[in-house]
Amino acid sequence: MFRCSAEDRSVAPVIAVTLLVALVVVLATTVSGFVLTNETDVPPPAPQISVSHTTVPDGDERTVAVTLDAGDAVATDQLYVAGSKPLDIGGPPGSATAADDGDASARENFAETAAGDPQVSIGAQWEASETVYLDPKGSADGVTIEIYWNTEPVQGDDPGTVTGDDAYLIAEFRV
């Protein structure tokens, strides 16, 4: 039949060793990719919320009332709001901490305080059925409002300084 010389038989072990080394390299690379990945580089997932809005009388103007309808309770110190017009965040019209378009800015911190008291009056967490009030400069008609969640607390009061690179749009609507 077939006869193999000693030279021919030595080829099979060389191929086997080469394949084994290649397999070890692929496995080592895959495992090190998982082990060496720093999990702190992955930001936490943004909260999932559902909001509704309406306008309420505010003297000769209208203020936008935004209510958290459903979803995760969110730490107010990690929230800020921005609009297509400058706006101010606060309590309901007529209250001591009412939103006032005279204090409007491009970005407003949810944890904004007036004289040491939280201006939005919802506490440390924005929870279902709680309402914040936004007073845009001029008319509220046609204003686009965006609510952002940041992985780090927003620093300062008015308008607040956003730190870090991970801010997520969690709600957007047009009045």
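I began with Tyr-168. Is it buried or exposed, or in between? Its relative accessible area is 28% in this predicted model. Buried needs under 20% and exposed needs over 50%, so I noted Tyr-168 as partly exposed.

Next I looked up Trp-149. Its relative accessible area is 7%, so I noted Trp-149 as buried.

Then I turned to the aromatic pairs, and there are three in the structure. For the pair of Tyr-80 and Tyr-148, I found ring centres 5.1 Å apart and planes at 10 degrees, so I put this pair down as stacked. Tyr-80 sits in strand S4 and Tyr-148 in strand S10, 68 residues apart, and the pair links these distant parts of the chain. I found both Tyr-80 and Tyr-148 buried.

Last, I checked the largest nonpolar core. Which of its 24 residues touch the most other members? They are Phe-110, Trp-126 and Ile-147. Strands S2, S4, S9, S10 and S11 each supply at least two residues of this core, and S4 gives the largest share, four residues.

I followed up on Phe-110. Leaving aside neighbours within four places in sequence, I found Phe-110 in contact with several residues, among them Tyr-80, Trp-126 and Ile-147.

Methods. Residues numbered from 1 in each chain as written. Predicted model: local features only at pLDDT ≥ 70, side-chain atom pairs only at ≥ 80, totals over all residues. Heavy atoms only, no water. Core = buried A, V, L, I, M, F, W, Y, C linked by side-chain atoms within 4.5 Å. Buried < 20%, exposed > 50% of the residue type's maximum accessible area, 1.4 Å probe, protein only. Contact = heavy atoms within 4.5 Å. Phe/Tyr/Trp six-rings, centres within 6.5 Å; stacked < 30°, edge-to-face > 60°.
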